[in-house]
Amino acid sequence: MRPTLALTLGDPNGIGPEIVLKAARDAGLAPLARLVAVGPANVLEAQADALGLGPITRLDGFADVAPEGTLGVIDTGDAETEWGRTTASGGRAAIDAVARACDACLSGEADGMVTAPLSKEAISLAGVSFPGHTEYLQDRTGAPDVVMVLASNLARGALRVALTTVHEPIARVAALVTQERIGTVLNTLDAGLRQRLGVPEPRIAVLGLNPHASDGGVIGAEDLTVVAPAVEAARARGVNASGPFPADAFFGRGSWSRVDAVLAMYHDQGLAPFKALAMGGGVNLTLGLPIVRTSPDHGTAFDIAGRGIADASSFAEAVRMAAEMAVMRNA
Ligand SMILES: NC(=O)C1=CN([C@@H]2O[C@H](COP(=O)(O)OP(=O)(O)OC[C@H]3O[C@@H](n4cnc5c(N)ncnc54)[C@H](O)[C@@H]3O)[C@@H](O)[C@H]2O)C=CC1
Ligand SMILES: NCC(=O)COP(=O)(O)O
């Protein structure tokens, strides 16, 4: 089975359209999936011309097939490009593409979606109340629980970092790290590792919330009163979780290579070490959705937009992973 993947263009003022064009010309990806761009076709056509990465064919829908050697695009309406600017119209264009691709996955027109980066500030200016794709797609698909996972294959093994809280200000994190939340995330992560990533018996390490995982209660109580009981409860349900572990030594000692996934308590606790180890080859995926969704490990890169120098390797990895997940899901 060769899945059809919808590639959303992201914010038209960033590097999204450029990395989609570059991935579409990656000869290694063509056998894995049929790639269909979704977003403002005028933006994609202009960038394809400027960067010499065409030709582009406008499609009426996913059933319409682009001629060999061209990238098909499903148009979601014209947009302007203002390189590097955070605009409401850029945010609107980005989210309209995500909505179209998501609906195509739900209806079965597409087998998965790979999202180029959008600006959280721009979608907020456009009136979207969700901070990112993860929360928007959870709402649009009606998924009860989702987990953000950043994944990469490194020489020492697969590094997968999942997040208990995602796009939350640090002032709110401690209150959001509850036994219930950790339990729900562990269940969703365990199921997603088995069903979507083909890990038969997932081993999950859970990081502590406080420095040194609270050090016996000297540095806060949450690791003893919240995280440890949540890990115990998950183990009683058959989830092979361990911890809480002090986050700094856990990454410093390379302990991640002895488990299938690491559950961090908050965004930067997990993603700072992930990006230090894997940036450029990492993939952001959402487990718990009824659809397949992956994304690169970076953002809109407004500072280099329009210069033709964006590195598309993480986006290409996201396409590869989505193709594998779609094949596994449809098997
Ligand atoms: N999946 C998504 O939609 C994501 C969106 N974002 C959003 O992107 C915006 C910018 O985020 P930042 O934290 O500044 O991170 P960023 O990843 O956009 O940029 C950080 C630095 O890395 C460089 N960079 C990033 N990707 C690159 C690539 N493919 N090739 C070459 N250089 C690259 C940029 O030029 C910049 O200097 C924010 O609005 C953020 O919310 C961030 C991460 C993921
Ligand atoms: N740090 C990851 C990130 O911001 C991506 O968010 P999302 O758009 O995938 O929800």
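Predicted model: local features only at pLDDT ≥ 70, side-chain atom pairs only at ≥ 80, totals over all residues.

Biologist: Let's begin with the domains. Into which parts is the protein divided?

Modeller: There is domain 1 (4-143 + 289-330) and domain 2 (147-276). Their centres, taken over C-alpha atoms, are separated by 29 Å.

Biologist: How many residues of domain 1 are in contact with domain 2?

Modeller: 15 residues of domain 1 touch 11 residues of domain 2. Contact here takes heavy atoms within 4.5 Å.

Biologist: What volume does the second largest pocket have, and which residues are closest to its centre?

Modeller: The space in the second largest pocket is about 380 Å³. Its lining has 21 residues, and Lys120, His167, Asn284, His298 and Gly299 are the closest to the centre. By class, the lining comprises 11 polar, six nonpolar and four charged residues.

Biologist: And what makes up the lining of the largest pocket, by class?

Modeller: In the largest pocket, 14 lining residues are nonpolar, five are charged and four are polar. The volume of the largest pocket is about 510 Å³. Among its 23 lining residues, Arg2, Ala24, Leu35, Gly69 and Thr70 are the closest to the centre.

Biologist: Which element gives the most to the lining of the largest pocket?

Modeller: That is E2, with three residues. Strand E2 (34-39), helix H1 (16-24) and strand E4 (71-75) each supply at least two.

Biologist: Now to the strands. What makes E8 mostly covered?

Modeller: Count its residues: four of the five in E8 are buried, and buried means a relative accessible area under 20%.

Biologist: In which sense do E8 and E9 run, and how many bridges join them?

Modeller: E8 and E9 run parallel, joined by four bridges. A pair needs at least two bridges, so E8 and E9 qualify with four. Ile204 has Ala241 as its bridge partner in E9.

Biologist: Which residue of E10 is the bridge partner of Ile204?

Modeller: In E10 the partner is Ala261. Strand E8 (residues 203-207) and E10 pair in the parallel sense, with three bridges. Strand E7 (residues 157-163) also pairs with E10 in the parallel sense over three bridges, and there Ala162 is opposite Leu263.

Biologist: Which way do the residues of E10 point, and are they buried or exposed?

Modeller: Ala261 and Leu263 point one way from strand E10 (residues 261-264), Val262 and Ala264 point the other way, and all are buried.

Biologist: What covers the buried residues of H5?

Modeller: The cover includes helix H3 (88-107), strand E5 (112-115), E6, strand E11 (283-287) and E12. The buried residues in H5 include His133, Tyr136 and Leu137. After H5 comes Gly142, with a positive phi near 70 degrees.

Biologist: What phi values do His212 and Asp215 have?

Modeller: Phi is positive in both: near 55 degrees for His212, a residue other than glycine, and about 45 degrees for Asp215, which is not a glycine either. His212 sits in the loop between E8 and helix H8 (222-236), and Asp215 is in the loop between E8 and H8.

Biologist: Last topic: which residues does a cis peptide bond join, and what is omega there?

Modeller: One cis bond joins Gly54 and Pro55, with omega about -5 degrees. Another joins Gly243 and Pro244, where omega is about 5 degrees. Pro55 is in the loop between helix H2 (41-51) and strand E3 (56-59), whereas Pro244 belongs to strand E9 (residues 240-245).

Note on methods:
Residues numbered from 1 in each chain as written. Chains lettered and ligands numbered in written order. Heavy atoms only, no water. Buried < 20%, exposed > 50% of the residue type's maximum accessible area, 1.4 Å probe, protein only. 1 Å grid on protein atoms, 1.4 Å probe; cavity = no way out; pocket = protein on both sides within 12 Å on 5 of 7 lines; lining within 4 Å. Points joined across faces, edges and corners; volume = space filled by probe spheres on them. Nonpolar A, V, L, I, M, F, W, Y, C, P; charged D, E, K, R; others polar. Domains from an automatic or database assignment.
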